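Trainee: I have a chain open on the screen and would like to learn how to read it. Where do we start?

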Amino acid sequence: MTGSGRADRRRRADPRRLAATGTAALLLVLALAGCASGPAPAPDPDDPIAAARELVDAGGVVKSGDATATCGEFVLPQGVELDPAALDCLADASVAGASAELAWAYPTTEGDPIVSFAFVRPGVEGVETYTTTAFDSHGGGAVGSWSGTLCPDPRDVYGEGDCRLLLEG
């Protein structure tokens, strides 16, 4: 046998080696895919609002907002509701044809933050509210866990009235 015959045998693909390599590649692809759509990282407990703005799937209006300049940002303790003055702020801006934003986080029973953003702006009748459950380890807990409503009453940030669903994820 010549030297080239041995080289040909070495170059031929070993089916067992190919299967192992293919399996390893498939596992790597699946692992990376799981990372892309898996649970969101835990939010900063001191600022879940900022953490929600940083989520990869947060909408442009959420990412670029700054509610502190208008109606405020609130991290509420268990059992505490939004101050009615914050809702009045949204309503006043809506009546004036101005833009305003309100952001708040409230804990689930287990203490995980649910984060919401409400917007009024010229050309929009009422209030748009976007909420993420990405940090809720018992009910949402995944990137893509956003919902949105458009309600004609600018104070209806909870979507209790005659509202239209904008987004559900």
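Mentor: Start with burial. A residue is called buried under 20% relative accessible area, exposed over 50% and partly exposed in between, with a 1.4 Å probe and protein chains only. Here 36% of the 169 residues of the protein chain count as buried. Bear in mind that this is a predicted model, in which local features need pLDDT of at least 70 and side-chain atom pairs count only at pLDDT 80 or more, while totals for chains, interfaces and linings use all residues. Residues are numbered from 1 along each chain as its sequence is written, and side-chain values use heavy atoms, with hydrogens and water left out.

Trainee: How many helices and strands does the protein chain have?

Mentor: Both are DSSP runs numbered from the N terminus: helices are H or I with at least four residues, strands are E with at least two. The protein chain has five helices and six strands. Their order along the sequence is α-α-α-α-β-α-β-β-β-β-β.

Trainee: How are aromatic pairs read?

Mentor: Rings of Phe, Tyr and Trp (its six-membered ring) pair if their centres lie within 6.5 Å; planes under 30 degrees apart are stacked, over 60 edge-to-face, and the rest tilted. The count here is three aromatic pairs. In one of them, the ring centres of phenylalanine 119 and tyrosine 130 are 6.3 Å apart and the planes meet at 55 degrees, so the pair is tilted. Phenylalanine 119 belongs to strand β3 (residues 113-120) and tyrosine 130 to strand β4 (residues 127-132), so the pair ties together parts 11 residues apart in sequence. Phenylalanine 119 and tyrosine 130 are both buried.

Trainee: What does threonine 129 touch?

Mentor: A contact means heavy atoms within 4.5 Å. Leaving out residues up to four places away in sequence, threonine 129 touches Trp104, Ser116, Phe117, Ala118, Ser147, Gly148, Thr149 and Val157. Threonine 129 lies in strand β4 and is buried, with a relative accessible area of 3%. Its side chain reaches the backbone oxygen of valine 157 at 3.5 Å.

Trainee: Where is cysteine 71 found?

Mentor: Cysteine 71 sits in the loop between α4 (60-64) and β1 (73-75).

Trainee: Is cysteine 71 buried or exposed?

Mentor: Cysteine 71 counts as buried, at 8% relative accessibility. Apart from neighbours within four places in sequence, cysteine 71 is in contact with Ala86, Cys89, Leu90, Ala100, Glu101 and Leu102.

How values were computed
A polar contact is a pair of N or O atoms within 3.5 Å; within protein, one must be able to donate a hydrogen and the other to accept it, and residues adjacent in sequence count only if both atoms are side-chain atoms.
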